[in-house]
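Here is a quick tour of some local features and packing details. Have the sequence and the 3D view open as you read.

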Amino acid sequence: MPYEIDYLALAPELIVVGTLILVLALDLVLQRENKYWTATVAVAGTALALVPLGMLAINGETISMFDGSYVIDEFALVLKGLFLVAAYIVFLMSHHYIESERYYQGEYYFLLLASLLGSLVMASARDLIVLFIGLELVTGPLYLLAGWRKGDVKSNEASMKYFILGVLSTALLLYGMSLLFGLTGAVEFTEIAAATANMADEPALAVAILFMLVGFGFKVSAVPFHFWAPDTYEGAPTPITAYLSVNSKAAGFVAMLIVMYQALPGAADIWAPALWLMAALSMTIGNLSALRQTNIVRLLAYSSVAQAGFMLVPFAAAAVAGANLEEAFGATLIYLVIYAIMNLGAFAAVIAGARKTQTGTIEGWSGLGRVDPILGVLTAVFFFSLAGIPPLAGWFAKFEMFRSVMIADPATIALAVIAAVNAVIAFYYYARVVKAVWLDDPVGEFADEAAVAPAGSLKLALGVAVALTLAIGIYPSIAAFVRDAAQVLATGG
Amino acid sequence: MEWFETWGLTLTVFLPVVGAVLLGFINRDNEDALKITALSFTVLAFIASIGVVVGFDFGGGSYNTYQFEVNETWIGAINSNYHVGVDGISLPLLVLSTFVMVLAVIYSWNHWEEPKNPKAFLILMMILATGMNGTFVALDLVLFFIFFEIVLLPMYFMIGIWGDRAPRKVPGFSKPYETRLYASIKFFLFTLFGSAFMLLGFLAIYFESGSEGARTFDIQQLTELGASGAFSGWELAPWVFAAMFLGFAVKVPMWPLHTWLPDAHTAAPTVGSVLLAAILLKLGSYGFIRISLPILPDEARSWAPIIAILAVIGIIYGSLACLAQSDMKRLIAFSSVGHMGFVMLGIATLTDIGINAAVIGMVAHGLITGLLFFLAGSMSHRYHTREMARLGGNIKLMPVMGGILAFTAMASLGLPGLAGFWGEFMSLVAAYNPLDGLSLGVFRTGMVLGAIGTVLTAGYMLWMLQRVNLGEPNAEWEGHEFHDVDRFELTAWVPLIILIVVIGFYPKVIFDSTTDAVTSLVDMVFAGDTTASITSVVKGG
């Protein structure tokens, strides 16, 4: 049967494919001192891919291809936009970082673009196979990229840990999916939903769901599957860490929720308590572990574990209480988008600060605000935004999260209280970084001003992130389209 | 002045933050330009608030009608609006806030605490001003929450960067910790803890306020709903009130949630303590009057005795704690716990006299304690110590400073004829005769204990005066030349002194604004239980 292919709908993916081939080709012909062109091409290609995305968004039609396995709707567009913008910021962050350390630039951008392609595919996936391929394409290149600083033992450790646990999680995920296929004989979400509607008592279904949850849990580094995250985050090149904690996490997150939401709504009794537990544990253990960190990147690693818990809260609460999942999905998505922006900003600030202070310890950042006030203010903005302090974007994410758990049900109220207490705990360690930057007296020498001025691309990354953080915080309506996108999924999917 | 009707409050709230942005562009070495810019924008905000007073219709109108109202869509998806407005209750507090801000900028003109950096300090002050002014005019729960929280950041930095560097032993840590670091994070965590639950309370109210699509965060609409009994019998209501109570009570602060206050006030730089005491604490008690009482009147009734008991404990505890202090600034800080106890006792009576007492008590406490912190700051600036044992004979060394200190201490202990008297006296009067149905036993016992509290207040204030002001100067100051009050200090303090006297002799300036609003508030939400004596007490003053 011949398939109709809408090339405009696939244009973002095609542009990314074209870019990554171009990067690889350029890498072959360019001299070493000109290799930075690969970065420029990658940045330009990512920006270019946003153009057809915008056209599709204005068009607003839902396009379904390959028997409904690949869908371009508002939901997919929002996610693709998020992945592209986040990747764009990561490229900007990488530019100087990778160039100055003399790593293999061409391959770096090639792999990162491949990962980006995976996330774009994942956003449109509406069956298990496409979803799996997309998700694995996201993580595959990252196993390599995590070990990019190959002279550093920590980076090797990062890569190795990530690889072994990642492969394990993939196996578990695939095993769960195959069980699901065996039970239902279908791979498409809507068909699975229909087939599993009356299957709640089937033990094999529970096993399938649990295997998949464990697999996804590793991908999003939710507790208790988070042990790889801090080591990998610390060892990997910082832009890759940013990418791991935003794109790769978001991809895993959306994949998990979309499978539960679209394919297994009838089995909510099985997965809802598991998600509830994962949310509560991720928040609490992530936060408590973050309290003890002395390395700033490790702190962000645990913070991202805790933030994953917060993100799960709306969905888990609504599912446990049997309430409207649509609202909850919207809240989770808004949280995801805002988290992506502020977390990228925080990592960009960490890269700039690490160049300035020549250290990754929180203590080493003491007094940074006095030497470089602008960087100090930006650090405060991003970290307080992560803590959810108004008027920075993070407050709206937390607000939406709390709003969606206001369901009169003991389990959800318990989760709301856990989240509220955790919001306070989280503040403490975010404030520790700000305290070091602004309140503490300098302990070490700072690098010379001229030698470490942040590169132009890094400044641009910081600028984009801070502008979005402030704008969304002061006028959250501009993030409201995200919620509409979630509703499309509920009605149209 | 048509445009001012719509823009007046917005200007009052946002002029300071515009100033903050401008300050960001001025070079940090150009100190004069920084100070002049900051002063002009605080003065402009003050003028705008005076414009609001001038244009305000004191004829009253019933509670829940606001003037200078603006209501524009803000976050459409959750039906939250940029809704601001003033009534007789918020007006005095708004003016207090803009006014004290101007004085604080003037005072800081030549009082920069280590590590100086006027630029950063002034920017923080400007942001703080926007947060405080905004809280008093916000008529939307989300907007209120945002402004309520905005004040935390600048205050955190003020305490943390410019605060007291003396090391202190912190329980749980083996190494001593600088006071400023401990106090700043404690302040933030306490308030954040309260406001996280407050937000949960707001959200619960939102969901109860109507069906899907008709839900609202609007305080005006919610007040109507609350007065018409829409939230009566709501099973979650006690929890919601408790959640909001936590948020507001931490801020006030009420015993036993007050422990952040002595640390924060003592550690903060002078201007920080002044703003904390004069305005920040009022955000909490204002929240009770504006949000808790009108929206959940039934719960307010059942919680009133508890609030009253905690308030009285606060009065007694605060006073006794004062008597145990050796540090002058810490003594003043603890006195706030006692004074805010009177404010909360007034609110807890749920009567017009009590709430009037609370508002005038807030204003008076803002002026008096603000001035006391100015004085404590200036004195420790000169003596380099706040230990009362080492001070003494201050009035001989610095007659003007000592005189002002004596005056302010008298005002603080509630001397009739000065501003502090009305709040204490009237809240005790109100406690004698609380709203019908409230336990007379609890409130009258509270009144007696509160009266004992006033005696204790007089006790510790006089004790402080005696130790600091009177007697012979300590031998260690022999040969020291002390500058008496300088012109910046005088410029900042004299307006406060004048107002303390004016309000003391003529409290009508406040009551003219508040009485109508308060009376109709009690009328509206607590079903016309006004006590007959209101006019005689209030207008007769």
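B:Asn79 counts as partly exposed, because 19 C-beta neighbours lie inside 10 Å, and being buried would take 20 or more. Its phi is near 55 degrees, a positive value in a residue that isn't glycine. Look for B:Asn79 in the loop between strand S1 (67-75) and strand S2 (80-86) of chain B. Keep in mind that this is a predicted model.

B:His384 also isn't a glycine, and its phi is positive at about 60 degrees. It sits in the loop between helix H14 (352-383) and helix H15 (394-397) of chain B. B:His384 is exposed, with 8 other C-beta atoms within 10 Å.

## Cis peptide bonds

Most residues other than glycine have a negative phi, and most peptide bonds are trans. In chain A, though, the bond joining A:Val223 and A:Pro224 is cis, with omega about 5 degrees. A:Pro224 belongs to the loop between helix H8 (203-219) and helix H9 (228-235) of chain A.

Chain B has a cis bond from B:Trp255 to B:Pro256, where omega is near 5 degrees. The loop holding B:Pro256 runs between helix H9 (237-251) and helix H10 (260-267) of chain B.

## A kinked helix in chain A

Helix H1 of chain A (residues 7-29) has a kink of about 40 degrees, centred on A:Glu13. Its buried residues are A:Ala9, A:Pro12, A:Ile15, A:Val16, A:Thr19, A:Leu20, A:Val23 and A:Leu26. Among the elements of chain A covering them are helices H2 (36-59), H3 (74-100) and H4 (105-124), along with strands S1 (63-65) and S2 (70-72).

## H6 against H7 in chain B

The axes of helix H6 (residues 152-162) and helix H7 (residues 179-208) of chain B come within 8 Å and cross at roughly 165 degrees. H6(B) and H7(B) are therefore roughly antiparallel to each other, and their crossing is right-handed. H6(B) brings residues including B:Met155, B:Tyr156 and B:Ile159 to the contact, while those from H7(B) include B:Leu181, B:Phe187 and B:Phe188. By class, that contact has eight nonpolar, three polar and one charged residues.

## Where the chains meet

Across the interface, 26 residues of chain B are in contact with 22 residues of chain A. On the chain B side, helix H5 (141-150), H6 and H7 each give two or more residues. H7(B) provides the largest share, 13 residues. The chain B side splits into 23 nonpolar, two polar and one charged residues.

Technical notes
Residues are numbered from 1 along each chain as its sequence is written. Chains are lettered from A and ligands numbered from 1 in the order in which they are written. This is a predicted model: local features need pLDDT of at least 70, side-chain atom pairs count only at pLDDT 80 or more; totals for chains, interfaces and linings use all residues. The bend at a residue is the angle between axes fitted to the seven residues ending there and the seven starting there. Helices (H or I, at least four residues) and strands (E, at least two) are DSSP runs, numbered from the N terminus. A residue is buried if 20 or more other C-beta atoms lie within 10 Å of its own, exposed if 12 or fewer, and partly exposed in between; C-beta atoms are placed from the backbone. Two residues are in contact if their C-beta atoms, placed from the backbone, lie within 7 Å. Axes are lines fitted to C-alpha atoms, for helices over the stretch in contact, and angles run from 0 to 180 degrees between N-to-C directions. Angles under 35 degrees count as roughly parallel, over 145 as roughly antiparallel, 65 to 115 as roughly perpendicular and the rest as oblique. A crossing is left-handed if the near helix is turned anticlockwise from the far one by less than a right angle, and right-handed if clockwise. Ala, Val, Leu, Ile, Met, Phe, Trp, Tyr, Cys and Pro count as nonpolar, Asp, Glu, Lys and Arg as charged, and the others, Gly among them, as polar.
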